[in-house]
Amino acid sequence: MDLPWKPIYTQSTGAFDWEGGISAAKNATEDAPFSPLAYWSLAGTIGFTLLVYVMEGHLDARQKKAYQITEFPKELEKTVAKIDNQRKTEPTEGKEDKKTEESNGNDEDVKDKKDLIDKDKPLLDQLQSKFKSSQTYGMDKINFGMIAGTYETFESIAILLLGVTPFLWDQSVRLGGTYFGIKSDEEIKITLVFLLLQTLIDTVKSLPFELYKTFQIEKKHGFNKQTYGLFFSDKVKGLILSCVIGGPFVALLLKIIKMGGENFYIYMWAFMFCFSVFMMTIVPVVIMPIFNKYEPLEEGTLKASIHELAGRISYPLKKLFVMDGSKRSSHSNAFMFGFGSNKRIGE
């Protein structure tokens with residue numbers, strides 16, 4: 001396969017050239033100007049993709065070796081043992097009241113917290129009992145990640161060699177003209193059709209991997225709590241939001257590029273800045289509640305402690321929310337969000 005390479009499908013021919021293959025050298029003319037970018041673009045992109053794959057595979061292999069360790073780390077054991085010894089010397093006053101307060105939760109809360117660290121028991125024994133299961137979970141994830149990464153890498157190479165992207169663009173032109181009356185020179189509208197097709201295809205392609213990760217690996221280790229109905233409803237909501245928000249965003253961005261002239265990048269930067277501020281403002285109050293329920297944290301010791309900590313570090317905390325994230329996963333999760341002086345914490 002002599003350089004330069006070309007995709008099997010090109011917009012100039014509008015067809016898949018299976019007979020000619022990927023080599024474009026035989027079609028080159030001697031008097032044609034030499035372009036290093038055109039000469040190396042496809043082969044260089046594929047080579048770089050493979051290089052990244054090899055480097056990431058090397059890192060994954062090193063991490064896999066770490067997950068194969070079955071003996072609890074000696075240095076960590078010494079450190080945790082010191083912590084246990086220090087805790088034994090701490091005063092016990094107030095511990096009973098705190099334990100009683102924590103036990104007042106409902107049965108579902110107790111069930112959700114069954115795998116958490118018990119502060120009344122030695123920390124070392126608990127960590128040692130969780131170490132093996134943690135290593136097994138990490139091994140399952142890294143093996144799955146390596147398989148998925150291999151597939152994604154060679155899928156990307158196949159897309160480049162076959163010319164799937166220009167093919168989808170031509171199909172977007174055809175579908176737009178047939179069903180929406182879009183002319184071939186209306187680039188913005190065709191781009192929206194193209195992105196819709198690409199998003200739908202990517203969603204379908206990723207489904208097998210996401211389903212296996214969620215309902216096999218996460219379920220096997222007791223973390224997954226969502227149903228198939230919730231999983232697919234999240235997908236539908238995400239697609240709708242991509243169309244409602246992403247579509248107008250892309251259209252405006254392309255319009256700015258077309259009308260901006262030589263200084264288009266300045267206008268594009270200003271638009272991106274404004275859009276980022278807009279999204280940081282509406283995501284916590286509009287988009288996030290679409291996927292989860294947020295309720296104000298009830299008055300109590302926990303809320304007072306968090307506000308006290310926020311005050312000490314000058315964090316402008318306005319509201320504290322409890323999120324029903326446990327309906328999807330039993331992984332612990334807490335995050336800070338908000339903009340300017342209106343900061344919030346969800347847990």
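Student: Which residues of helix 10 are buried?
Tutor: Lys-303, Ile-306 and Ala-310 are the buried residues there. Because they cover an arc of only 65° around the axis, they sit on the same side of helix 10. In general, an α-helix has 3.6 residues a turn, so residues three or four places apart point the same way.

Student: What about the face turned away from the buried side of helix 10?
Tutor: That face carries Glu-308, Gly-311 and Arg-312, which are exposed.

Student: Which residues make up the largest nonpolar core?
Tutor: Seven residues make it up, namely Leu-297, Ile-306, Ala-310, Tyr-315, Leu-317, Leu-320 and Ile-345. At least two residues of this core come from helix 10, and at least two from strand 4 (317-323). As a general point, nonpolar side chains in soluble globular proteins tend to be buried together.

Student: Switching to the other end, is Thr-10 buried or exposed?
Tutor: Thr-10, which is found in strand 1 (residues 9-10), is buried, because its relative accessible area is 18% and the cut-off for burial is under 20%.

Student: Which side chains does the Thr-10 side chain make polar contacts with?
Tutor: The side chain of Thr-10 is joined to that of Ser-12 by a polar contact of 3.2 Å, and it makes another with the side chain of Thr-13, at 2.9 Å.

Student: Zooming out, how many helices and strands are in the protein chain?
Tutor: The protein chain has ten helices and six strands. Of its 347 residues, 23% count as buried, and among contacts with a separation of 6 or more, 66% are between residues 24 or more positions apart.

Student: Where is confidence lowest, and where highest?
Tutor: The mean pLDDT of the protein chain is 86, with 87% of its residues at 70 or more. Confidence is lowest in helix 4 (residues 107-112), at a mean of 48, and highest in helix 7 (residues 187-220), at 96. Over residues 100-111 the pLDDT is below 50, and this stretch has two contacts in the model beyond near neighbours in sequence. Where pLDDT is low, the predicted coordinates should not be read in detail.

Conventions:
Residues numbered from 1 in each chain as written. Predicted model: local features only at pLDDT ≥ 70, side-chain atom pairs only at ≥ 80, totals over all residues. Heavy atoms only, no water. Buried < 20%, exposed > 50% of the residue type's maximum accessible area, 1.4 Å probe, protein only. Helix = DSSP H or I, 4+ residues; strand = E, 2+ residues; numbered from the N terminus. Arc of directions from axis to C-beta. pLDDT = per-residue confidence, 0-100. Contact = heavy atoms within 4.5 Å. Core = buried A, V, L, I, M, F, W, Y, C linked by side-chain atoms within 4.5 Å. Polar contact = N/O pair within 3.5 Å; in protein donor to acceptor, adjacent residues only side chain to side chain.
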